[in-house]
Amino acid sequence: MTPPIVADFRAGLIRGELLVQKCNSCGKFNMYPRYACPHCQSESLGWQKASGKGVLHSFTILRLGPPEGFENELPYALGVVKLDEGVQLLGRLVPDADGEWKSYKCDERVEFAPMSAEHAEKRPCAWFKHAKT
Amino acid sequence: MSDTWPLNVDAKSPNDPVFVGIGEIPSGKYPQRTFIGDLTKVAILALKDAGMVPRDVDTILLIPCLHGFTDQADLVFSRMVEELGLAGHAKASFMIHSGGSTSDNAVRAASGLIASGHARTVLVLQCERWGSADVMEMINSLSKNGIPGEWELPTGVQFNAIGGLITQRYMASTGSTPAEMASVCVALRDWAQLNPNAMYRGKKLTVEQVLASRMASDPLHVMECPMLADGAAAFVMTSAENAKKRGLDTTVRVAGSGGCVSHYSIGQENDLAALGWATAAKRAYAQSGWGPKDAQFGEIYDSYAAVTTIAVEGFGICEPGEGARWFAAGNASPGGKFPCNTNGGLLSAGHTGVGGGTALLVEGVRQLLGRAESERQIKNAQRCIIGGSGGSYMDAQVLLLERTGKGGAK
């Protein structure tokens, strides 16, 4: 069984929303979602739809030796994004028109790029693209 | 409240924990060797190096293997006690595990047992069979374990991608060039030419060769990624009093240690160009009372060049942001002013899983004891900085080692 904490987050991605966990007791955001709030230890935790906007801390383009099941997706780019909400996560980056990622640079603004429900179901992770200024 | 405190022992304490012997066999692809055979071999080598026999050991600490669960279970359930003839004699045999920093934590555990009196002589054993294991199985194992399944596995991240994320951030933060990054690998390869146990002995490497190799996970080239290897190493620690009683005049003590666990998930590291290195070093220096200027060399985890360049900066061995250029200038190479990873490191001695850190630690002790081959031996090696890291560089562990007694290389 997929635990509710994971199922809720993934349901958000399928709806085209990036959810971050919010503590009902202290109001702080937690990412990745936790079973108890690391700030106040409360187990009363909910969700908030993130702005989706943030800064690209780093990224890489995997070209060789993917994990099993990812062979047909090569090459693909992974990025660590620091959201404006003050939390961060690892996601995928949308390629440029030429299928590469030459336009991406560390510390530039990016935003959440919702994928189709079908895609989000298969690969339940957040995608990001260049932010529209 | 301070996050540092002094050790409960010093160089004059009878129960000060000290290294008295090391053992290692060559790293590389050795399909004809066996797991238990290799462990037995390094155990005996380390004990002989200490002038001991198995019966002198009361406690065995096992460093885990990653190539298979069955072999790991053999370690957990005390097979080595039986293999070494210590059944009924050994007080305890157990495993310590924090991935690549295990050896550092094993030293802490052994030190604690010896200093407190729960153990007198501890044998620490490590063997990995990665080089002879099925490559796809190992890639899958490394891609599925130690990465949060709920939040990061769906992205398709794996170990080289983690190295790529750290390297990209490091290069962006410091302005280091691809050639400067590649020079780290070349420096390590130069050291490997002097180490009979290194996987890449006899295979020179140039910056041009590194840069001409394919991209594995931008900006990491294939030749900047570690090669999985078979390998085994062991060391023996005992109390200073016991060492003295046995006539072991030259030993290596732990002057202090510091650590920083900075994340579990790579996506949760606050600064991929910093990791936990600077914090760990600060804590270690506060405990030992000595710093980078007092040491002659370092043995620092290097599964990717950036991990090590970030460390030499964090340790204060070079200026902030200058790690890669410092390596490129030859400072860490054979003949350099602060030799680093004198066995060739994980990148050129071979990535023996959890053992990569053990090999670096053993090399540090070997140099301090003055027992490296003459062309590799650092003259007047008195103090060494050991750096280890596990998982997705989740932690930074620093051990500050110093020689006691008059022996060692002059």
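Leaving aside its neighbours within four places in sequence, which residues is A:C37 in contact with?

## Surroundings of A:C37

With those sequence neighbours set aside, A:C37 is in contact with A:C23, A:C26, A:N30, A:S42 and A:L45, where contact means heavy atoms within 4.5 Å. The model is a predicted one, in which local features need pLDDT of at least 70, side-chain atom pairs count only at pLDDT 80 or more, and totals for chains, interfaces and linings use all residues. Residues are numbered from 1 along each chain as its sequence is written, chains are lettered from A and ligands numbered from 1 in the order in which they are written, and side-chain values use heavy atoms, with hydrogens and water left out.

A:C37 is found in the loop between β2 (29-30) and β3 (45-49) of chain A; helices (H or I, at least four residues) and strands (E, at least two) are DSSP runs, numbered from the N terminus. With a relative accessible area of 1%, A:C37 is buried, a term that stands for under 20% relative accessible area, whereas exposed stands for over 50% and partly exposed for values in between (1.4 Å probe, protein chains only). A:Q21 and A:C37 are 16 residues apart in sequence, and their C-alpha atoms are 9.3 Å apart in space.

## The interface of chains A and B

In the interface, 36 residues of chain B are in contact with 37 residues of chain A. The two chains bury about 3000 Å² between them, 57% of it on carbon and sulfur atoms, buried area being the accessible area (1.4 Å probe) that two parts lose on being put together, summed over both. Of the area that chain B buries against chain A, B:W151, B:T155 and B:R169 supply 24%, more than any other three residues.

Across this interface the rule finds 3 salt bridges, each defined as a side-chain nitrogen of Lys or Arg within 4 Å of a carboxyl oxygen of Asp or Glu. The side chains of B:D218 and A:R63 meet in a salt bridge at 2.7 Å, N to O. On the side of chain B that touches chain A, α5 (135-144), α6 (159-174) and β5 (215-218) of chain B each supply at least two residues, and the largest share, 6 residues, comes from α6(B). Strand β4 (residues 53-62) of chain A and β5(B) run antiparallel and are joined by 2 bridges, two strands being paired if DSSP finds at least two bridges between them. Within this pairing, A:L62 stands opposite B:S217 in β5(B).

## Salt bridges within chain B

Over all chains, the structure holds 32 salt bridges. B:R33 forms one with B:D38, the closest N and O atoms being 3.0 Å apart, and both residues are buried.

B:R253 forms a salt bridge with B:E402, with 2.8 Å between the closest N and O atoms. Because B:R253 lies in strand β8 (residues 251-261) of chain B and B:E402 in strand β11 (residues 395-404) of chain B, the pair ties together parts that are 149 residues apart in sequence. B:R253 is buried, with a relative accessible area of 5%, and B:E402 is buried as well, with a relative accessible area of 12%.

B:R201 forms a salt bridge with B:E375, the closest N and O atoms being 3.4 Å apart, and B:R201 is partly exposed, with a relative accessible area of 37%. A network of salt bridges links B:E24, B:E363, B:R366, B:E373 and B:R376.
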